[in-house]
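Reader: I would like to learn how to read one residue in a fold. Where do we start?

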Amino acid sequence: MLAAFAAPVPAAFAQGSLSDSFSGDELVESGKNFFGSTSQGLASLVERAVSQYGLPNGYILGEDAGGALFAGARYGEGRVYTRNAGQYSVFWQGPSIGFDIGGDGSKVMMLVYNLNQIQDVLGRYAGVAGSAYVLGGFGMTVIKRGDVVMVPIRSGVGARLGLNIGYLNFTSEPTWNPF
């Protein structure tokens, strides 16, 4: 006999439909305020994401850290921002495996697409990531779960080299379990 267990969704995440999107200029301005610079790198990555996926109807600002020696883990926390459902805290963690060595700490802006309700942020998002840097810089990846697409844009420091596959599990409460 199989039994399905679901964690209760906090009342803050039980919202209705989300439809209003954020413009590219709003995202760049929010990112500049968050990252603390007027980086051309951020503007070009936001522009690239918007040209490929359109305008997001949510975004997350936060911080994360990760490390790997072929197998790795990443942990982070931030706030989800939407036009008509407010702001909510969110946490993420996840394992990865591949040819990947090093560690990094980053500020992160995640553009969120096709968000119908705020609890759609919660769950596991699979993706592939590649890194090649010694000091740091900006980088962009794409992760997906169902119809919801997230585009994490990271700016951080560290030393990392490699390519990995993994997922990030978004939760409403922090946990040390990367799975």
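Author: With a strand. This is a predicted model. Arg145 sits in strand β5, which spans residues 143-145.

Reader: Is Arg145 buried, exposed or partly exposed, and why?

Author: Look at relative accessibility. Buried means under 20%, and exposed means over 50%. Arg145 is partly exposed because its relative accessibility is 35%.

Reader: Which residues does Arg145 touch, beyond its neighbours within four places in sequence?

Author: Contact means heavy atoms within 4.5 Å. With those neighbours set aside, Arg145 contacts Asp120, Leu122, Gly123, Arg124 and Tyr125.

Reader: Which backbone oxygen lies 2.9 Å from a polar atom of the Arg145 side chain?

Author: For polar contacts, look at pairs of N or O atoms. That backbone oxygen belongs to Leu122. The Arg145 side chain also reaches the backbone oxygen of Asp120, at 3.4 Å.

Reader: How far apart are Arg145 and Gly127, in sequence and in space?

Author: Take both separations. They are 18 residues apart in sequence. From C-alpha to C-alpha, the distance is 9.5 Å.

Reader: What share of the protein's contacts with a separation of 6 or more joins residues 24 or more positions apart?

Author: Such pairs account for 73% of those contacts.

Notes: Residues numbered from 1 in each chain as written. Predicted model: local features only at pLDDT ≥ 70, side-chain atom pairs only at ≥ 80, totals over all residues. Heavy atoms only, no water. Helix = DSSP H or I, 4+ residues; strand = E, 2+ residues; numbered from the N terminus. Buried < 20%, exposed > 50% of the residue type's maximum accessible area, 1.4 Å probe, protein only. Polar contact = N/O pair within 3.5 Å; in protein donor to acceptor, adjacent residues only side chain to side chain.
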